[in-house]
Each structure stands twice: as structure tokens, then as C-alpha cells.
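I opened a new notebook page today.

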Amino acid sequence: MSASDRPTPSAPDDDPWLWLEEIDGARALDFVERQNRATLQQFGGAAFERDRDLLAAIYDRSDNIPYVSRRDGFLYNLWKDAANPRGLWRRTTLAEFRKAEPAWEILLDIDQLAASEGADWLFGGASTRIGSTRVILSLSRGGSDAVTLREFDIATKQFVADGFVLPEAKSGVDWVDTDTLLLSSALGEGMATNSGYARTVRLWRRGTGVEQAPVIFETTADHMRAYTYVDDTAATPRVWFIDQSDFFNFSSSLGTASGATTKLDLPSNIWMQVHGDWLSVKPRQTWSIAGHSYAADAMLGMSLSAFLAGGRDFTVLFEPGPRRALQGFFWSGGKLVLSILDELRPVFEICTPSASSWSKRRLRGLPDIGVVDVWSLDRHESQRNGDLLANVQDPLAPPSLMLIARGVGSPDVLKQAPKIFNAEGLVVTQHEAISVDGERIPYVQTGPAGETGDAPVYMSAYGGFGLAVKPEYNSSLGKLWLERGGTIVQANLRGGGEFGTRWHDAGRYAGKKLSHDDFAAVAADLVRRGVTTPKRIAAQGGSNGGILITNMLVRYPERFGALFCTIPLIDMRRYTKLLAGASWIAEYGDPDKAEEWEWLKTYSAYHNAKPGQSYPPILIATTRRDDRVHPGHARKMAAKLQAMGYEAWFYEPAAGGHGYGKDNKERAGFQVLGFQFLKEKIGWRDGEA
């Protein structure tokens, strides 16, 4: 095919590759199969198979940590290994879990289920009710977000005959009582928003068809979704109804199983949690109300009944700083737990309300460097007695799972993950690059001490949706990159949440281009510091990071030796028309609005790629069952680049959802294929730093 730069920013809808958006179209699948064969033939040889099997064996290790949640006294876990690639849903007790080799009760063998039904089932979670053995299981085909719902009895370990069953759709449920569900589902005529999520909440009674279930709450099609949950922390159960207009704005209403009765008088950009008679909120912007002014990203608390009666005198529980930000909060045992990053160091504070005031203390016994995550052990809030789980790790230290009894005891190690790679001689250092506008961009570097000027570097980042990325222990990179002499770098770009809303908003909408500038600045800083040269820098990013990687290709090609772009978002002209794309307008903007397309086109790499440039080689990989980010993004970008004569490779396995595979071997294969490509293209043979 002759070189063509179509589509372009000036002619964005002149797209010759639209046929690749037909996920199961015969012509599109022929393209995929031919591309897969070529990519596997080039990068899938003996070294690939060796490393794939090595990595899969690491993922399948029997001494990996089985992460758990507790309900009705049992700890539940989904376990995958070589013998059970789809997983075993199982449970045990805390006393048993403390043992080196706990005894587990198997509830459901997903591999056996998939084989018996001839379906590509994966476990998608369970909706449970306190004191009941009946649960609603979510079963996903190949890892897709859409699930089939089926009622299951834990006591008999069987699906319930004539129980609740819902065909495949993006759905969620919560129990009202033994015979009644609150259903949020996109299934049915007019039941989906433009984003593909549930537009309504229906009251579904046992023995009736879902089409007979009355709608008790709804939103408009242009909003993102409607959902609900049953709150059992009050004296009598209550129901919360949420109208989520976009990714960052919510309207919350209190009600019963009959519907919403009281809409809370709160700004839509407030994050809220309720426990008993206590209301906790975090505004994304400065909030002035009733003579008070509350800072953006502050944590506020007060009595819910007082708020409903008109009170607005919140207690300020957390004040943000320029580089000190609240990352999350949850209730456990009547206490509010705050997760904070202070100059990227983890801090946890516990706030306890009383009728007269709030007290606050710091959660002790956890490291103040590295990566620390804390959450409640118990699944249901009303059963939470304050027991907390903590996960502690850093790039060179594997995770430790700890129990903090009732949130006051010293952390007690329950499980220790194995050391996967040899970390001898490796160091972790923190640095800052200066971006195009002078902003300081933090990054963490892990690798051999000292600068050689020619290190094989693997860079990664995300920079979106207010999500903070943390330098965790990475088994695959540790074994296949660090142990073999390489260096890894993780950057904290604007668009993330490391420093709160102002950091997120700086890399949102038109600022997304700045987020990409940040990543390029880190690459340049590695060269400035004498760590490496541009041709030795390999970079990977996925999903929102796919926009990042393709912008490195077309905007900063001179700074990288090779790029690996996974499950990517790329075409910013049509993204709102593909699967869940409309739900991300609050992050990027609306391409159908002329003023917003003006900024979107500056980082739509699909439109900005043009012939005659010095682009580095790129591998673009997606999965066919990704029903969140359409595989058409990856397909079309690869096709356009190849038509212009660039070295662009493509890979698309049939399953995996918005991830890298449906089981450990598939996930390992996806990652190793990328590593093999990156290493070859930056001219690095393992062990030769």
C-alpha cells in the first residue's frame, strides 16, 4: 500500500482504516492473524519461550501471597497456578491462613466450570449478603468487563436451580433481602448510557424476569452510569443511589428499596463515604458554604443527621499541601482511615468521631519509605471490627502482607512473598526532571549503582485519571530486566494523583500534552545525568499510557530507542464512539466540540503520525476481548504506520480483556513478547549492560 498520512489533524474523519474497528469482521481478523504470525515469527523464538515459561512459573509459584477478604468469619481468595489457570475460588479461616500451608475449602473450580460448559469463563467477583450462603457470581468471557450473573450457593457448592441469572452485560447487583436484588445493568432496550454502562437501577424479585423488574432510579443517557449499594451500617438498612455524570462527578441520594428519597446537597465533584451517622467528604475544588471555605482535597467530617438537618459545620480532618495529598479513605470499625502521600512517602492517619469532636492519630509500625497500601480485612462494612491489612514493598523488596489488629496493634506479618530475582548490587534512587514549563517531575530509578552512560533502560508511566503510580516490586521486570543488568525507571507524570487534584488537572484536558512532555523530560534527564543514551531507552505504557507512548513516537522520537504500546487508547477523534470511550470525556475532552478538538488533536498520535520521520520501532499490542478500550485503536495505528513504511509491529491475542491475558501463561507471554522486542531494538543482549 502506498504511503498515506490519512487521517490528519486537518482532515480527521478521512480514515481509510475504519474497517479495523469491526472487532470480529472477517477482513479485520485476517489482518490480525497475519500480523500475529509475523510478530511471533520475529520475536517468539526459543528465547521468548524460555522467558515466557520462566515468568509463568513465577506467577504460578505456590508461595505467592494469596490475597484475601473476610466475610462471616471466612477469608476468601481466588487462586491461579499452572494446574488451575482460570482459578479456584476458595476460603479458609484466619487461624488457618496464618499457617505456612493453609487448608482451603474449594468453593468453585473455574477451569472445571469452563470445561463442562464449553465457555471461556473467568471469575469476575461475587456479590454477597451477610449471614447468607447465597451469592451472585460474575463470570466473564475471556476477561471482558461485561459479565454473566448467576446465583450460587456456597453451602452446596452448586449454582441455584431457578436462581437469579442474567445474560452477559456490564452489570452489578446488591442484595436487599434473600429474594430481592438491586440491579444496575446495561442489559435491555434503553438500559445503557452512551458509555455502555447501566442507565437504571431495577428492583429484581426472585421468580420474575428481569424485563419485569421495575426501574426505581435512573439517569440520562449522556451521563456515565447509575448504580446503588445497600448500606448496613445504620440502625436500619438504607440504600444509596448514585448518578455518576462523568468520571469525577457524582450525585448521591439516600433512599430505600423503593427508590431515592433524599438527594444530598453536595457539589457533584465531592467524593463521599458514609458510616452509621457519620459523613466524610473530599471536595475536588475549594468549597465555600455557610460561611466556611474548605480547601480542595481536604478531608471533612460531620454527623450525617446534622447535615441532613441543614448543618454545614464540618470538621477538617486533613489539610493538603503542595506535595502532600490524600490518596483515599475508608471506614473500618467506626474509624475513618486516611491514606496520604507526603512527598511521595506513605502516611496513614486514623480519625475517630465522637458526639463532641474527632480525634486523630497516625497508624504506627509501617515504613515511611517504599510502597505501603492499607485496607480493611472485612468485605462488609458493618462487620468491620477495625482489622486492617497492609501490603509493604519496594522495587527490591517483595511484598509482605501484614495484619494490624483493630487498627491499633503492631503489624503482624501474615505472608511474605518470595524473592524472585537477585537484587545484589542494585540500588533504588529518586530524582526529578524539569519539564518544559519548569515543573519538577519525580521519578524512581532502580538498577546498578553508578552511571555507565549506556545502560539499557526500561521506562514506564501512566499520568491519568488522578491515579498515583508507585514503585512496587515487579517480578517480571526484576527477573527479566534488572537481574540481567538493566535499569528500570518509573515516572510520576502530571495527570496522576501523586500530589492531588492540582497535579491531576495539570495533566488533564489540554494539559494531557504536558503530561507527555513530562515523560520526555525524564528521558532527557537520564541522558543528562549520564545514565544512558536515547537509543538505549525502551518505554512501555498501557491504556491511557498508550496515548503517552504513541506521543513519544510522533513528538519525541529522538529520545527513545524502542516503544511498547499496550491495550492502548490512541485515536482521540473517535474514542468517544468506541465501547466505553464516552466515559472518559471528563479526562480528555469531547472531540465533537470544535474548541475541545483543538487540544485533542495535538495529542491524537493517530492523526499526527506522518511520513518521512525518524520514528523508533514500536510494538502495539491489544486483546480482542477488551470491551473497555476498543482494539481498533491499536489495529488502526499499526496499519497506518506500516502503510507509511515505519517499523511497527502488532499483536492481538483472542482473550485477556483490558489486561494481558486470561491466565498466568498468557499474561507472561504478552509481557515477554514486549521485552524481547524492546531488548532487540535497543541492541541489548541479556547480561550485557
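**Entry 1: pairing**

Before I start, I need one term: two strands pair if DSSP finds at least two bridges between them. The model I am reading is predicted. I looked up β24 and β25, and they pair in the antiparallel sense over eight bridges. One of the contacts I checked joins F329 to its bridge partner L338 in β25. I also looked at how the chain gets from β24 to β25. The two strands form a hairpin with two residues between them. G333 sits in that turn and has a positive phi of about 60°.

**Entry 2: the next strands**

I moved on to β25 and β26. They are antiparallel and are paired over seven bridges. Here V337 has I350 in β26 as its bridge partner. This is a hairpin too, with two residues between the strands. In its turn I found E343, with a positive phi of about 55°.

Then came β26, residues 345-353, and β27. Five bridges join them, and the strands run antiparallel. On this pair I noted C351, whose bridge partner in β27 is K360.

**Entry 3: the whole sheet**

In what order do the four strands stand in the sheet? I wrote down β24-β25-β26-β27, an open sheet with antiparallel pairing. The edges are β24 (324-332) and β27 (358-362). Each has a single partner strand, so one side of each is left without a neighbour in the sheet. Neighbouring strands are turned by 25° against each other on average, with direction ignored.

Strands of a sheet pair through backbone hydrogen bonds, either parallel or antiparallel. In a regular strand the side chains alternate between the two faces of the sheet.

Is strand β25 largely enclosed or largely open? I checked residues 335-342. Six of the eight residues are buried, so β25 is largely enclosed by the rest of the structure.

**Entry 4: salt bridges**

Next I turned to charges. Side chains of opposite charge can pair when their charged atoms come close. The count for this model comes to 58 salt bridges. I looked at three of them in detail.

The side chains of E349 and R324 meet in a salt bridge, at 3.5 Å from N to O. E349 belongs to strand β26 and R324 to strand β24, and they are 25 residues apart. E349 counts as buried at 11% relative accessibility. R324 counts as partly exposed at 22%.

The last pair I looked up is K577 with D592. Their side chains meet in a salt bridge at 3.1 Å, N to O. K577 lies in the loop between β37 (562-566) and α10 (585-588), and D592 lies in the loop between α10 and α11 (594-600). The pair therefore ties together parts that are 15 residues apart in sequence. K577 is partly exposed, with a relative accessible area of 46%. D592 is exposed, with 55%.

I also noted a network. D15, E21, D571, R574 and K636 are joined by salt bridges that share partners.

Which residues does the cis peptide bond I looked up join? I found R6 and P7, with omega at about -5°. P7 lies in the segment before α1 (26-43).

D72 has a phi of about 50°, although it is not a glycine. I placed D72 in the loop between β1 and β2 (74-79). D72 is partly exposed, with a relative accessible area of 30%.

D162 was my next stop. Its phi is near 60°, again positive in a residue other than glycine. D162 is in the loop between β8 (158-159) and β9 (165-169). At 79% relative accessibility, D162 counts as exposed.

How values were computed:
Residues numbered from 1 in each chain as written. Predicted model: local features only at pLDDT ≥ 70, side-chain atom pairs only at ≥ 80, totals over all residues. Heavy atoms only, no water. Axes fitted to C-alpha atoms, helices over the stretch in contact; angles between N-to-C directions. Salt bridge = Lys/Arg side-chain N within 4 Å of Asp/Glu carboxyl O. Buried < 20%, exposed > 50% of the residue type's maximum accessible area, 1.4 Å probe, protein only.
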